[in-house]
Amino acid sequence: MKKLEFSTLYIFRLSVDNLFGLVKSTIDLALAVKMNFSELTNAALNLLIWNNEKYQQVIKKPRKSNLTEKLLLADKDRNDRFSEIKRTVTLHLKGRNAEKKTFAQSLEYFFKPYWDVANKPLNTETSLLTEMFGEYHASADLQNAAVNNGVDVMLTELEEVNHTYDLMYKQRIGEGTELPDESASAQKSTVCDSYTEFCNAIEQAANFTPNETILTLFKKMDELRKKYHALTPTGKDKGDDEPKKNDNPE
């Protein structure tokens with residue numbers, strides 16, 4: 001007998017609302033027949049229900065703030081500024097001026113741990129940039145290299161923008177609002193894991209302790225997976241080193 005397996009679904013690619021819709025629909029299907037579940041399957045269902053309720057509270061909670069647009073602009077500004085600094089350093093690395101190339105090599109080595117900082121969660125990016133500037137100010141050699149590569153002023157401006165972002169971020173937190181990289185994204189990961197565990201439980205039941213009710217539920221859940229798979233954008237799933245930064249602080 002051929003083993004039953006659910007259709008492929010890259011669940012972490014789903015939007016916030018689509019993930020909630022998938023899990024809510026799955027829970028509704030399962031609750032209707034939960035009396036046929038084993039203790040293990042019921043435990044997986046209860047965990048999914050619990051985590052989805054917490055997820056709903058996060059995604060439905062009003063998180064708008066007058067600072068939202070300013071935070072978006074400040075984050076874009078600091079990312080653009082750091083990109084310009086990196087381009088300038090890279091340009092000197094490829095240039096013919098040996099002295100500037102030497103200074104550029106020092107800066108490139110210094111920037112290496114922070115090169116992809118724009119891909120980090122928003123508040124993590126702030127902390128990493130603050131750390132970077134602490135090391136920069138503690139090194140006369142780095143400051144000299146920045147002057148000789150013409151990025152010293154740009155670094156000063158980037159530090160000011162990062163500080164401004166941090167102040168606005170803390171002000172927003174003081175208003176009782178949160179950013180998704182610290183709330184919805186974390187809870188999304190938990191819901192995805194719980195959903196996967198429940199699907200594994202149903203898959204095992206359909207293969208090893210099948211009955212008409214379980215097989216019907218399996219089929220309906222698989223139809224849901226196919227429906228929502230069609231809504232997923234292309235890209236890597238969580239298991240392939242996703243997610244990255246969420247650029248919308250709402």
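Predicted model: local features only at pLDDT ≥ 70, side-chain atom pairs only at ≥ 80, totals over all residues.
## Ground rules

A crossing of two helices is called left-handed if the near helix is turned anticlockwise from the far one by less than a right angle, and right-handed if clockwise.

Residues are numbered from 1 along each chain as its sequence is written, and side-chain values use heavy atoms, with hydrogens and water left out.

## The overall picture

The protein chain has 9 helices and 0 strands, where helices (H or I, at least four residues) and strands (E, at least two) are DSSP runs numbered from the N terminus. Read from the N terminus on, the elements go α-α-α-α-α-α-α-α-α.

Of the 250 residues in the protein chain, 43% are buried. Here buried means under 20% relative accessible area, exposed means over 50%, and partly exposed is in between, with a 1.4 Å probe and protein chains only. Take the contacts (heavy atoms within 4.5 Å) between residues at least 6 apart in sequence: 78% of them join residues at least 24 apart.

## Helix α4 and its two partners

Two packed helices are described by the angle between their axes and the distance between the axes. The axes are lines fitted to C-alpha atoms, for helices over the stretch in contact, and the angles run from 0 to 180 degrees between N-to-C directions. Angles under 35 degrees count as roughly parallel, over 145 as roughly antiparallel, 65 to 115 as roughly perpendicular, and the rest as oblique.

Start with helix α3 (residues 68-94) and α4: their axes come within 8 Å and cross at roughly 140°. That angle makes α3 oblique to α4, and the crossing of the two is left-handed. On the α3 side the contact uses F82, I85, V89, H92 and L93, and these meet K100, K101, A104, Q105, L107, E108 and F111 in α4. Sorted by class, the contact of α3 with α4 has 7 nonpolar, 2 polar and 3 charged residues. For the classes, Ala, Val, Leu, Ile, Met, Phe, Trp, Tyr, Cys and Pro count as nonpolar, Asp, Glu, Lys and Arg as charged, and the others, Gly among them, as polar.

Helix α4 (residues 98-111) also packs with helix α6 (residues 140-149), at an angle of about 125° and with the axes 9 Å apart. That makes α4 oblique to α6, and the crossing of α4 and α6 is left-handed. In α4, E99, K100, F103, A104, S106, L107 and F110 meet L142, N144, A145, A146, N148 and N149 in α6. By class, the contact of α4 with α6 comes out at 7 nonpolar, 4 polar and 2 charged residues.

## N149, looking both ways

Which residues does N149 touch, leaving aside its neighbours within four places in sequence? The answer is T88, V89, H92, K100, F103, A104 and L107. N149 is found in helix α6 and is buried, with a relative accessible area of 2%. C-alpha to C-alpha, N149 and F103 are 6.8 Å apart in space, and they are 46 residues apart in sequence.

## Aromatic rings

A pair of aromatic rings is described by the distance of the centres and the angle of the planes. Rings of Phe, Tyr and Trp (its six-membered ring) pair if their centres lie within 6.5 Å; planes under 30 degrees apart count as stacked, over 60 as edge-to-face, and the rest as tilted. By this rule there are 6 aromatic pairs.

F6 and F218 are stacked, because their ring centres are 4.2 Å apart and their planes sit at 20°. This pair links distant parts of the chain, with F6 in the segment before α1 and F218 in helix α9 (residues 212-229), 212 residues apart. F6 and F218 are both buried. Y165 and Y169 are stacked too, with ring centres 6.4 Å apart and planes at 25°. Both of these lie in helix α7 (residues 152-174), 4 residues apart, about one turn of the helix. Y165 is buried at 0% relative accessibility, and Y169 is buried at 5%. Elsewhere, ring pairs link F82, F110, F111 and Y114 into a cluster.

## Two more residues

Is T26 buried or exposed? At 0% relative accessibility, T26 counts as buried. T26 lies in helix α1 (residues 16-31), and beyond its neighbours within four places in sequence, T26 is in contact with Y195, F198, M221 and L224.

H163 lies in helix α7 and counts as partly exposed, at 49% relative accessibility. H163 and S127 are 36 residues apart in sequence and 10.0 Å apart in space, C-alpha to C-alpha.
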